[in-house]
Amino acid sequence: MAKIKQLNVALLGLGTVGKGLVSLLKENEAEILNKHGAKVNIVKIFERNADKLEKFGLDRNLFTDSMEDICGDKNVDIVVELLGRIHPSKEYIESALRAGKNVVTANKDLICMHGGELLKTAKQNGAVLLYEASCLGAVPVINTLKNNFLGDEIKSIKGIFNGTTNYILTKMTQEGLSYEECLKEAQALGYAESDPTNDVEGIDAAYKLCILSRFAFGLDAKFEDISKKGITQITPQDIQIAARLGYTIKLLAIAKCGDGKLEMRVNPVFVSNNHQLSKINGAFNACTIEGNYSDEITLIGRGAGSHPTASAVANDIMNFAHKMGDVGQRSLKKAKMEKDGHMKYYLRMSVTDRAGILSGIAKIFGDNKISIESVIQDKNDNPDIKSLIIVTHMTTSGSMAKALEKISRAPSVQSVDSVIEVMG
Ligand code: HSE
């Protein structure tokens with residue numbers, strides 16, 4: 001009989017995901033042995049105090065609060081970092097890699113901002129760094145990008161990379177509630193944090209977009225190059241108009257690459273009701289990958305939470321049962337950034353109801369080479385004011401910025417109330 005492979009793990013952090021991982025490894029022990037001929041042993045748990053281990057029914061002797069202890073232990077093969085945040089996780093991972101330990105992490109902020117240098121440290125020390133769980137929880141999007149499309153060229157990735165905002169937008173769409181009401185509910189349910197900034201302003205989704213763009217395009221995508229707009233300005237009125245026009249508003253992370261130029265953004269989008277992404281509801285995540293030959297492939301699943309994230313972490317750990325190197329650990333080319341985003345727009349503005357107003361606005365669009373696809377005039381609470389809704393054809397963010405600058409100064413325009421991308 002073949003010898004059972006022993007994978008000895010030091011776990012950093014016994015929080016929500018850490019506990020999920022401990023449960024998974026226990027519950028799936030026989031399955032893992034059967035599939036991989038391996039046994040995963042948690043040999044150390046790095047925590048602030050040992051009581052946490054005991055409360056979770058774990059042996060107090062596994063406790064350590066010293067990275068030196070972990071790095072100096074020849075018995076430890078893999079360090080699993082589930083502490084989150086950039087510091088001190090970065091320093092802990094660096095010390096583990098320098099000690100030649102393989103590392104698995106779910107830390108998106110860290111991988112987005114410092115992934116390149118950590119991968120270099122790993123390579124220099126003959127170690128491997130894996131981080132499937134950093135993007136979209138249980139959805140195997142990193143592995144899909146790494147191991148598939150090998151003969152194809154990826155043109156774009158786009159998706160719902162944040163469950164909290166998708167929960168809020170779904171609730172606003174289905175129940176007609178305001179952003180503020182839905183945020184409160186998301187906080188009560190534990191989806192949104194008391195300071196929800198990272199989720200609602202698109203920052204969390206941008207971290208994930210940055211990591212995935214590197215795999216999709218082989219380019220050194222930078223977080224700073226991603227334009228970010230969140231969902232705080234979305235109103236029930238925009239959601240209703242979107243529905244009338246056959247769209248659903250979603251917060252999408254989008255990266256496109258054409259002619260070696262990269263375009264990346266996170267913003268709300270009118271998604272056609274015919275597209276899969278319009279149907280992803282609640283806290284679910286999804287990523288649509290578009291290959292030159294494959295066309296669109298969409299992965300959907302749970303993007304956060306104890307068990308889904310633990311599943312992705314366990315997947316990375318099992319790589320080491322087969323001594324697989326990290327094929328995705330390639331050198332990245334410098335990204336040439338596209339200055340402008342290319343998209344269609346939905347605009348809602350409040351205008352005075354007088355002759356010549358519409359033609360004046362249409363002229364500003366024309367002067368900026370923006371073609372109008374459709375116009376709707378809607379009533380407003382004030383009888384002298386009308387809501388003017390315009391959907392444009394494909395244009396650039398630069399042209400739109402110039403047009404908006406003129407439009408917002410036109411005397412007939414009371415306010416520009418909404419500017420949202422339309423998926424075209
Ligand atoms: N807060 C994130 C979300 C999960 O709501 O999807 C962690 O990235």
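Which residues does isoleucine 385 touch, not counting residues up to four places away in sequence?

Analyst: Bear in mind that this is a predicted model, where local features need pLDDT of at least 70, side-chain atom pairs count only at pLDDT 80 or more, and totals for chains, interfaces and linings use all residues. Numbering runs from 1 along each chain as its sequence is written, and side-chain values use heavy atoms, without hydrogens or water.

Leaving out those sequence neighbours, isoleucine 385 touches Ser350, Val351, Thr352, Asn380 and Gln414 (contact means heavy atoms within 4.5 Å). Isoleucine 385 sits in strand S16, residues 385-392 (strands are DSSP E runs of at least two residues, helices H or I runs of at least four, numbered from the N terminus). With a relative accessible area of 11%, isoleucine 385 is buried (under 20%, using a 1.4 Å probe and protein chains only). Its C-alpha atom is 56 Å from that of glycine 18, 367 residues away along the chain.

Now for the ligand. Around the ligand you'll find Lys108, Asn162, Gly163, Thr164, Asp199, Asp204, Lys208 and Ala304, each with a heavy atom within 4 Å. Helix H8 (163-175) and helix H11 (203-217) each give this shell at least two residues. Ligand oxygen atoms lie 2.5 Å from a polar side-chain atom of threonine 164, 2.9 Å from a side-chain N or O atom of aspartate 204 and 2.8 Å from a polar side-chain atom of lysine 208. The protein covers 79% of the 260 Å² of accessible area the ligand has on its own (Shrake-Rupley, 1.4 Å probe).

Conventions
A polar contact is a pair of N or O atoms within 3.5 Å; within protein, one must be able to donate a hydrogen and the other to accept it, and residues adjacent in sequence count only if both atoms are side-chain atoms. Buried means under 20% relative accessible area, exposed over 50%, partly exposed in between (1.4 Å probe, protein chains only).
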